[in-house]
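Work through the exercises below with the sequence and the model side by side, and try each task before reading its solution.

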Amino acid sequence: MSQDTKPARPGGTSAGTAEAPAAPDAAAKTPAGRRIPLPKPSSVLLSLCSAALGLLVWIGLTKSGIEDLPGPWAVAKRGAELVEDGTLFDDMGASLRRVLTGYLLGVALAIPVGFAMGWYPVVRRLIDPWIQFFRMVPPLAIIPLAILTMGIDEKPKIFVIFLAAFLSSVVSTYQGVVSVDSTLVNAARVLGAKDRQVFIGVVVPASTPFILVGMRIGLGASWATVVAAELIAAQSGLGFRMQQAQLYYDLPTIFVQLIAIGTIGLVMDRLLLLAERRLTGWQERR
């Protein structure tokens with residue numbers, strides 16, 4: 001009868017057994033067996049590197065012989081002139097005021113309508129065909145009609161921005177409601193939750209990521225729409241200034257307006273992204 005082998009000791013090897021060679025990545029693990037995370041470069045550093053790379057590409061394009069393409073220095077000089085006389089800030093304020101007004105109105109209406117469409121099938125069947133119909137019509141195509149019916153003041157511009165933000169946000173909100181995991185809803189009902197409790201405690205939190213994505217998409221659509229509206233009928237704004245610069249073939253001014261639009265839009269998008277991270281901290285991220 002053979003002798004009993006001794007049980008393996010925790011963290012060691014059984015008696016009479018050669019110790020196994022260390023794994024190649026053993027040095028990359030903590031004593032508890034958890035892998036040490038590799039250092040990640042700062043997001044700010046990566047953003048600065050990306051901006052520097054874009055600037056180098058721009059300089060390279062100007063040196064390549066592209067006709068009349070202004071360089072960074074010419075654009076910066078023109079931007080300083082527009083800042084000094086106050087024109088740039090006036091145009092930024094006019095465009096930003098229109099975007100915020102139409103965008104906030106569109107989002108404020110889109111969220112309850114999207115929730116109603118997702119929660120009540122009857123509302124969905126009544127409203128969804130109209131939503132999809134107007135989604136196929138670009139807001140830019142409505143600008144001439146809006147000007148003819150509302151005049152040339154701020155109303156038509158704000159209306160088309162409102163429409164662009166509303167259509168983007170309502171679809172995302174509706175999709176967020178219908179995409180809620182039915183297991184979560186059924187579990188809440190089993191625990192005795194009423195419809196109102198299920199809606200507030202389960203549906204609203206689960207739909208929040210979809211809503212915020214729709215808001216970010218709607219923000220981009222709002223800026224695209226306001227520039228187009230100001231190109232057609234406006235006496236101020238970044239789009240209006242671009243149109244005036246086009247008439248005089250003033251490319252540096254056009255570049256200044258483009259950079260201003262992109263910068264403001266980027267800042268607003270990052271604010272929405274920050275809100276998304278705070279409101280959806282429970283969501284797993286990469």
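**Exercise 1.** Find which residues Trp 223 touches, leaving out residues up to four places away in sequence.

*Solution.* With contact taken as heavy atoms within 4.5 Å, the list for Trp 223 reads Ser 95, Leu 96, Val 99, Leu 238, Ile 261, Ile 264, Gly 265 and Met 268. This is a predicted model, in which local features need pLDDT of at least 70 and side-chain atom pairs count only at pLDDT 80 or more, while totals for chains, interfaces and linings use all residues. Residues are numbered from 1 along each chain as its sequence is written, and side-chain values use heavy atoms, with hydrogens and water left out.

**Exercise 2.** Determine how the rings of Phe 115 and Phe 199 are arranged, and where in the chain the two residues lie.

*Solution.* Begin with the rule: rings of Phe, Tyr and Trp (its six-membered ring) pair if their centres lie within 6.5 Å, and planes under 30 degrees apart count as stacked, over 60 as edge-to-face and the rest as tilted. By this rule there are eight aromatic pairs. For Phe 115 and Phe 199 the centres are 5.3 Å apart and the planes stand at 70 degrees, so the pair is edge-to-face. Next, locate the partners: Phe 115 belongs to helix α3 and Phe 199 to helix α8, 84 residues apart, and the pair thus links distant parts of the chain.

**Exercise 3.** Decide whether Trp 130 is buried or exposed.

*Solution.* Buried means under 20% relative accessible area, exposed over 50%, and partly exposed in between (1.4 Å probe, protein chains only). Trp 130 has a relative accessible area of 57%, so it is exposed, whereas Phe 133, at 47%, counts as partly exposed.

Conventions
Helices (H or I, at least four residues) and strands (E, at least two) are DSSP runs, numbered from the N terminus.
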